[in-house]
Structure formats: structure tokens, C-alpha cells
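Please look over the sequence and the structure shown here before reading on. The report that follows goes through the backbone, the sheets and the contact between the chains.

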Protein chains: 2
Amino acid sequence: MKKKRPIKIAIVGVGKIACDQHLPAIWASDEFELVASASLGETVAGWPGFRSIDDMLAAVPKIEAVALCVPPQYRYMAARAALLAGKHVLMEKPPGATLSEVEDLQALAARQGCTLFASWHSRHAPAVQPAKAFLAEWPPLSVQIVWREDVRLWHPGQDWIWQAGGLGVFDPGINALSILTEILPSRVFLQRATLGFPANRAAPIAAELFFQDADGMQVHADFDWRETTQQRWDIVVQTAAGELRLGDGGASLWRQGAAQALGDEKEYPSLYRHFAALIKDGRSDVDLSPLRHVADAFMLGLRAQLGLFDH
Amino acid sequence: MKKKRPIKIAIVGVGKIACDQHLPAIWASDEFELVASASLGETVAGWPGFRSIDDMLAAVPKIEAVALCVPPQYRYMAARAALLAGKHVLMEKPPGATLSEVEDLQALAARQGCTLFASWHSRHAPAVQPAKAFLAEWPPLSVQIVWREDVRLWHPGQDWIWQAGGLGVFDPGINALSILTEILPSRVFLQRATLGFPANRAAPIAAELFFQDADGMQVHADFDWRETTQQRWDIVVQTAAGELRLGDGGASLWRQGAAQALGDEKEYPSLYRHFAALIKDGRSDVDLSPLRHVADAFMLGLRAQLGLFDH
């Protein structure tokens with residue numbers, strides 16, 4: 001069988017997520033071939049590196065696709081530049097700093113005939129599709145989300161995450177919402193929320209959210225960045241067939257307390273396979289529902305002023 | 001010519017906006033006929049009045065359409081009850097407390113074969129369509145919105161407006177955004193914003209917003225509820241053909257300083273004519289872009305803590 005010609009891809013924003021996840025996934029893939037990177041910080045040693053996406057696109061015309069790993073505040077301009085140059089675009093989550101700008105990119109991608117992929121890596125966790133199949137058969141009676149981690153451990157030095165538009169604790173929390181909106185058979189919407197802002201930060205460090213669906217099914221979410229002992233990324237669903245528990249951000253699955261056999265966690269390899277399939281099929285995949293829930297939480301939620309937060 | 005049979009309509013939420021605008025528009029229309037009202041406060045003297053929409057729908061089956069004038073926090077449940085009963089629904093602005101719930105109502109209206117109209121009354125102001133036509137020919141170079149009013153004068157006793165989800169100064173400000181999104185030939189999105197919250201209120205009393213479109217055209221908006229001297233609801237657009245100014249919330253229009261002849265302000269009669277046309281054509285009209293911009297502002301905006309606000 002003839003080996004496919006790999007898609008020539010460039011990375012924009014060579015930070016923690018690019019080095020931890022995107023580059024290993026690209027190197028392990030035979031569908032993509034790294035050809036360049038652009039970043040204000042590090043570039044990828046051994047490959048052509050540029051300070052801006054515009055310089056990179058001008059200098060390396062063979063680029064066919066770009067993966068955007070810059071903070072969300074800078075994602076729109078980078079995505080627009082790439083789409084205008086006729087490149088396919090993968091965006092890290094969240095796909096933008098505002099909902100409106102992503103709608104604009106969707107329209108541009110359609111006009112340009114390019115693939116736009118607003119990726120949600122947690123949807124590629126191994127427990128997600130089995131959980132979705134189970135809940136299609138056994139509708140949820142209630143859902144409890146606990147997403148508690150130590151921000152000092154997981155986001156060291158990421159100043160952008162604390163700025164307006166950086167989303168604070170919703171940066172990990174939106175991963176839970178991306179799983180929730182994928183596995184639930186019904187649409188939920190926020191009823192009330194409380195967002196806790198440190199006195200010296202522009203983004204929340206904790207949030208409590210109460211959703212329900214049209215039939216009154218309740219979803220409670222507890223996002224907290226102040227957890228220093230038991231870090232948890234769990235979604236627990238009660239059903240008529242017992243409890244379904246997605247643990248470790250979707251890496252593990254229990255049914256009525258019994259661990260289910262799953263494949264290894266390979267979120268980013270799966271995500272890149274989906275990107276390749278979208279490009280091949282000439283399609284885009286932009287689901288804004290996780291970010292819409294976050295925007296709703298900021299709009300509807302009560303703000304609680306907390307004490308100072310020190311690094 | 002045979003006179004059309006009027007659509008039997010009920011009002012839900014008989015407060016200030018219902019009495020000031022909806023009831024006079026319905027009474028003046030030969031396309032609608034009021035048959036009942038439901039409200040926790042006053043009902044409409046001389047017509048059957050109920051304490052809840054469910055009671056009303058059960059007692060008055062001839063109702064064909066409902067106009068929802070309850071605060072946005074209560075709009076979803078009322079709209080859902082009406083749609084499930086097969087009624088057409090007009091929603092006052094904003095159409096909901098969250099974007100997600102309105103998406104859910106859109107899906108429900110489509111399933112039920114009912115008309116859902118998320119109304120934006122300011123779009124029916126007489127300057128709006130002439131301005132839109134002008135800007136289609138002369139694209140805007142920049143836009144300045146000044147929406148400054150005295151909250152004590154315009155929203156006396158409206159406690160819901162200060163609660164989480166009540167939107168604060170965005171309650172009038174969203175009118176400006178509904179005009180902006182109607183008249184602009186391009187899509188804009190928020191770049192940065194500052195929202196000022198009184199220390200004793202859960203909603204902002206002032207907001208400054210900076211939008212731009214993909215080509216860098218700038219829109220600046222100044223929303224303020226603390227204006228006690230010169231109340232203004234102006235949108236000023238610079239073009240290559242001079243300045244276009246929509247004044248008084250779209251009731252007046254100036255081109256290069258010269259007042260343009262317009263019809264009388266008849267926002268709600270026009271809005272109800274549009275509702276009747278939608279019902280006749282079996283269509284819905286739900287444009288979420290003004291509310292999406294507000295959600296973006298809450299998500300992206302910097303929060304400034306202000307002093308106490310006293311009634």
C-alpha cells in the first residue's frame with residue numbers, strides 16, 4: 001500500500017502545551033510532518049524558527065497547516081493570517097478570547113475552503129466515547145463534576161492565564177465542559193454560578209456552576225485551583241443502571257465501582273488523526289458549546305471577591 | 001378585501017415595558033388581539049389575568065401566541081412552556097439569561113413548528129434601515145457609541161436589573177449593540193473591555209468596550225448609568241462620505257450635521273408587524289449576536305470595583 005504523503009505542518013506558540021503534547025503527537029504521526037515553528041519564546045531546535053506567523057508563512061510557502069498553541073488572546077490574528085494564506089488551522093482550546101471572533105473565523109474558513117478545527121483535547125480521552133455510548137442507553141439522572149487542582153503545580157509562570165480573557169480556573173474547567181457536552185444526550189444550560197476572583201487577579205481561581213437540562217436534570221460543577229492535597233478531574237453520572245465515573249480527566253472509567261478496560265491515554269494523537277481526517281474530507285469542526293458555557297458563567301455568575309493570591 | 005383574522009395573543013409579565021410599549025402596540029394593531037395576561041404583579045384590567053403562564057395556557061386554549069416581558073432570568077421556562085403548548089413566542093430583549101438556553105429554545109421551536117422571535121426593539125427605530133443602506137455604500141471608518149443615562153430615572157425599582165444575570169448597564173447597552181450589528185456591513189468582535197461594578201451590586205453600572213472588525217475598523221462604546229445631566233443614546237459613524245449620526249437611540253439621523261427626514265418612532269408597532277409576518281411565513285428570527293457580544297464582554301472584560309451605589 002502506498003504511504004500517504006504527510007501534511008506539512010507548522011507550530012505557532014512553542015510553549016508548554018506545544019512541547020508536552022503537540023510536538024510528540026506530530027513526531028509520532030505519519031500523517032503530519034513538521035516543517036517550521038513561530039514563537040516569541042523558544043522555537044523547535046532543528047527546524048526553521050520564526051518570530052511571527054507572518055514571517056513564517058512568507059518564508060516557508062510549503063506549509064499546508066498550522067497548529068495554534070498561543071494563548072487565546074492572540075489566537076484570532078494568527079488564525080486569520082493562516083486562513084488568508086490558505087492554510088488549514090488547528091486551534092488549541094479555548095478557540096478564542098471571544099465567541100464572536102470564532103464565528104468570524106468560521107465564516108473566513110468557509111470562504112477560503114480551508115479546514116478550521118477548534119480542538120477540545122479532553123474529548124479524545126479514552127473514557128469519553130464509551131461513556132457517551134452508555135449514556136445514550138441510560139440517560140443521566142444527575143451529574144457531579146469535580147475539577148480541583150493546584151494552579152501552582154499545573155500552571156507555573158503562565159501569567160496570561162490570570163489576565164482578562166485568560167479564563168483562570170475555566171482554562172482547565174473548560175476541559176470538563178468539553179467532555180460533558182460530548183457525552184450528554186441532552187443540552188444543558190447554566191442556572192446560576194459563583195465565580196471567586198482573587199483581589200489581585202483578573203480571572204477567577206474557583207467557580208461553582210449549576211446547570212440543568214430542559215427536563216430538570218441537574219449538573220453541578222466544582223472548579224477549584226486551590227487544591228493542594230487530592231487533585232481530581234472527575235465526572236460522576238448517576239443513571240438508572242448505576243453510577244458511571246470518568247476519572248483522571250477521562251483517562252479512566254468505572255461502572256458501579258468497577259474499573260472498565262480502556263486503551264491508553266492518547267488524546268493528542270487522536271486529535272491529530274481527527275485533524276487529518278477533517279482536512280482529507282474538506283470539513284471544519286467548530287463546536288463552541290464549551291466556550292459558550294464559560295461565557296454564560298461570566299455573564300450570569302455572581303462574583304465573589306477573595307483574598308490575595310501569591311504565586 | 002376581507003379583513004385578516006387577528007392572532008390571539010397573551011402577555012406574560014405585566015411590568016413597565018409591557019404597559020409602556022407592548023399593550024399599546026397590540027391595541028393599535030389589527031394583526032393581534034389580546035386575550036389574556038399572566039403576571040406575578042399586575043394583570044391587564046378587563047382581560048382574563050393569571051398568576052402563572054401554565055395556569056393561563058390551561059385556562060385559555062385559544063391563545064395562539066405569547067409575548068414574554070418577564071425579566072430575562074425567567075424567560076426560558078416561560079418560553080419553553082409556551083412552545084410545548086404549540087404557541088408562537090415573542091421574547092423581549094435580551095432573549096435569555098444565557099446563550100445556551102436560547103439555543104435550546106431555537107431547537108424546541110423548530111421541533112414544535114412554532115415561530116420564535118428574539119426581538120430587538122431598537123432595530124425597529126426609524127434611523128436604522130436608512131443608516132444600514134448608507135453604510136452598505138459607504139463602509140464605516142470608525143464608530144463611536146455613547147449610551148449614557150441616569151439609571152435612577154429609567155430603571156426605578158427594577159431590582160432584577162442589578163442581580164446576577166440582570167446585565168446592569170448592558171440592559172440599555174444591548175440596544176446599541178443590536179443597532180450596531182444590524183447596520184454594520186462587517187462583523188466586529190471585542191478586543192478589550194472594562195466593566196465597573198458598584199461594591200454593593202452584582203451587575204455593572206458602566207462599561208467601556210473596544211471592538212474591531214477583521215480589517216481593523218474600530219468601534220468604541222461607552223455605556224454609563226451615572227449620567228445625570230446630558231442623557232445620550234448616540235452612534236456616530238465616520239465614513240469617506242462624512243459623518244453619520246444616529247441620535248436618540250435611532251429615532252433621529254444626521255448626515256454631515258444635517259438632520260434627515262424620518263418617519264415617527266414606532267418601534268413596537270414595527271416589531272409586532274414583523275412578528276405577524278414571521279408567524280404567517282412559518283419562520284423564526286433569533287439573532288444572538290448582541291447577547292453574544294455582552295457575554296464576550298463579561299468573559300473578556302476587566303472588572304473594576306467601584307464605590308457603593310444608592311438608589
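## A glycine after a covered helix

Just after helix α3 of chain B, Gly86(B) adopts a positive phi of about 80°. This is a predicted model, in which local features need pLDDT of at least 70 and side-chain atom pairs count only at pLDDT 80 or more, while totals for chains, interfaces and linings use all residues. Residues are numbered from 1 along each chain as its sequence is written, chains are lettered from A and ligands numbered from 1 in the order in which they are written, and side-chain values use heavy atoms, with hydrogens and water left out. Helices (H or I, at least four residues) and strands (E, at least two) are DSSP runs, numbered from the N terminus.

Helix α3(B) itself spans residues 75-84 and is mostly covered, with eight of its 10 residues buried; buried means under 20% relative accessible area, exposed over 50%, and partly exposed in between, using a 1.4 Å probe and protein chains only. The buried residues are Arg75(B), Tyr76(B), Ala78(B), Ala79(B), Arg80(B), Ala81(B), Ala82(B) and Leu83(B). They pack against α2 (53-59), β4 (65-68), β5 (88-91) and α4 (99-112) of chain B, and also against β8 of chain A, where contact means heavy atoms within 4.5 Å.

## The parallel sheet of chain B

In chain B, six strands form an open sheet with parallel pairing, in the order β3-β2-β1-β4-β5-β6; two strands pair if DSSP finds at least two bridges between them. Because β3 (49-50) and β6 (116-118) of chain B stand at the edges with a single partner strand each, one side of each is left without a neighbour in the sheet.

Strand β1 (residues 7-12) of chain B runs parallel to strand β2 (residues 32-38) of chain B, and six bridges join them; Ile11(B), for example, has Ser37(B) in β2(B) as its bridge partner. Helix α1 (residues 16-28) of chain B lies across β1, β2, β4 and β5 of chain B and runs at about 170° to β1(B). Axes are lines fitted to C-alpha atoms, for helices over the stretch in contact, and angles run from 0 to 180 degrees between N-to-C directions. Helix α8 (residues 267-281) of chain B also packs on the sheet, where it touches β1, β2, β4, β5 and β6 of chain B, and its direction makes about 150° with that of β5(B).

## The mixed sheet of chain A

Chain A has an open sheet of nine strands with mixed pairing, in the order β14-β13-β12-β11-β7-β10-β9-β8-β15. Its edges are β14 (258-259) and β15 (302-306) of chain A, each of which has a single partner strand, so one side of each is left without a neighbour in the sheet. Strand β8 (residues 188-198) of chain A pairs with β15(A) in the parallel sense over five bridges, and Thr194(A) stands opposite Leu302(A) in β15(A). Helix α5 (residues 128-137) of chain A packs on this sheet, touching β7 (140-148), β11 (232-239), β12 (242-247) and β13 (252-255) of chain A, and its direction makes about 160° with that of β12(A).

## Where the chains meet

The contact takes 33 residues from chain B and 33 residues from chain A. Between them the two chains bury about 3000 Å², 63% of it on carbon and sulfur atoms; buried area is the accessible area (1.4 Å probe) that two parts lose on being put together, summed over both.

Six salt bridges are found across the interface of chain B and chain A, a salt bridge being a side-chain nitrogen of Lys or Arg within 4 Å of a carboxyl oxygen of Asp or Glu. Asp104(B) forms a salt bridge with Arg187(A), with the closest N and O atoms 3.3 Å apart. In chain A, Asp104(A) is found in helix α4 (residues 99-112) and is buried, with a relative accessible area of 9%. Leaving aside residues up to four places away in sequence, Asp104(A) touches Tyr76(A), Arg187(B), Phe189(B) and Ala214(B).

## Backbone exceptions

Most residues other than glycine have a negative phi, and most peptide bonds are trans. A cis peptide bond joins Lys93(A) and Pro94(A), with omega about -15°, and Pro94(A) lies in the loop between β5 (88-91) and α4 of chain A. In chain B, Lys93(B) and Pro94(B) are likewise joined by a cis peptide bond, with omega about -15°.

Asp248(A) has a positive phi of about 55° although it is not a glycine, and its place is in the loop between β12 and β13 of chain A. Gln256(B), in the loop between β13 (252-255) and β14 (258-259) of chain B, has a positive phi near 45° and counts as exposed at 61% relative accessibility.
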